[in-house]
Amino acid sequence: MPAEGGKTDMERIGLFSEMEYITVGDKYVSQFNRPFNESASKNRQILPGGSKEMSNLQAGYFDPHFVRIFEGESYVNPNQVRRRYMMEEAKKNLSKAFLPSNGEKKPCGLGSYYGTIGGPVPFFSAQSKPKEKYEPPGKNLYTNPGKKGTGYGYANITIGKQFSHSSDLYDAAKLNNKKENEEHRRLLKGTAFKLNLYPREYFDTNPYMSEKPLPPIKKVEKKETVGNPFKPSSPGKKAGGMKAGTFDPYPSHSADPYVVKLKSPSSKSAKVFHPPGGPKSRPIESIMALNVKRYTLKTEKFLEVQNII
């Protein structure tokens, strides 16, 4: 229905007329009575006629009769085909085949050029080449004959001159070091700078350490006691009903209680173990503050020494 002062639904869609409905007027068919494949029951269907097995008959093949590969071909002789090919190739030759006039010539010995095409080669001839006249070189350096001696303790044996004697103190390095130390001590104005910053705040002293020497260890001499050998009073007795062959007499019967009584703790074992007290905390300076103080003290001392020098 058109709204008040508006357009109808068909005008809004843009169609000339309303579309028809497909299933209007069709009869209702239930899904239970409808076949699964309705088109399979109409018209003729593909009927292959069952599977066929391989056999000597033609029934298992697609063709109506057996087709041979070389059917209708003539017999070919391979030798005849080869000869025809050789004849065709021989027609392409322009002249006859090359035949040498004579057979091969064999050399009669080493160094002989008989039978070769080029003949003798002048570069390989056995004649000697002309050489220049030999001029002997100049004379070598003349020296005096070697002097006798090993060189140790003998003078004027080497090629050069003998070294002149120069005095050299035996303890020259030690004396120079001593002079340097004396000069260094003369420049010093006081004793060596020592820091009294032993880290006692972090590590406790060892209470078990002592600088006194320990007394010598006393050795207790043990007397060796040699025991008398064991001798039985009488020969062994045979075991019987009265236990006559045992060392100890037969123990008397005693009624054992079902519950074992615990022993009462003695005065020594009744003490309870109390561990010693651990280290107690206390206010200490940080490692960074100690290093800063130590560095400042070093720098101040160094500046003082520099100013004095």
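## A pair within helix α3

Let's start with R186, which is exposed: its relative accessible area is 55%, and exposed means over 50%. The model you are looking at is predicted. In it, the side chain of R186 meets that of E183 in a salt bridge, with 2.3 Å from N to O. E183 is partly exposed, at 38% relative accessibility.

Where do R186 and E183 sit relative to one another in helix α3? They are three residues apart, so about one helical turn separates them.

## The other salt bridges

How many salt bridges does a search of the whole structure find? The search finds three. As a general point, side chains of opposite charge can pair when their charged atoms come close.

One of these bridges joins K92 to E89, whose closest N and O atoms lie 3.6 Å apart. K92 is exposed, with a relative accessible area of 60%, whereas E89 counts as partly exposed at 32%.

Another salt bridge links E285 with K293, and here the closest N and O atoms are 3.1 Å apart. E285 is partly exposed, having a relative accessible area of 33%. K293 is partly exposed too, with 43%.

## A nonpolar patch on the surface

Which residues form a nonpolar patch on the surface? They are Y113, V121, F123 and F124, and together they have about 480 Å² of accessible area.

Look for V121 in the loop between α2 (78-90) and α3 (172-187). At 32% relative accessibility, V121 counts as partly exposed.

Definitions and conventions
Residues numbered from 1 in each chain as written. Predicted model: local features only at pLDDT ≥ 70, side-chain atom pairs only at ≥ 80, totals over all residues. Heavy atoms only, no water. Patch = residues over 30% accessible without salt bridge, like charges linked within 9 Å, V, L, I, M, F, W, Y side chains within 5 Å. Areas by Shrake-Rupley, 256 points an atom, 1.4 Å probe, with all protein chains shown as cover. Salt bridge = Lys/Arg side-chain N within 4 Å of Asp/Glu carboxyl O. Helix = DSSP H or I, 4+ residues; strand = E, 2+ residues; numbered from the N terminus. Buried < 20%, exposed > 50% of the residue type's maximum accessible area, 1.4 Å probe, protein only.
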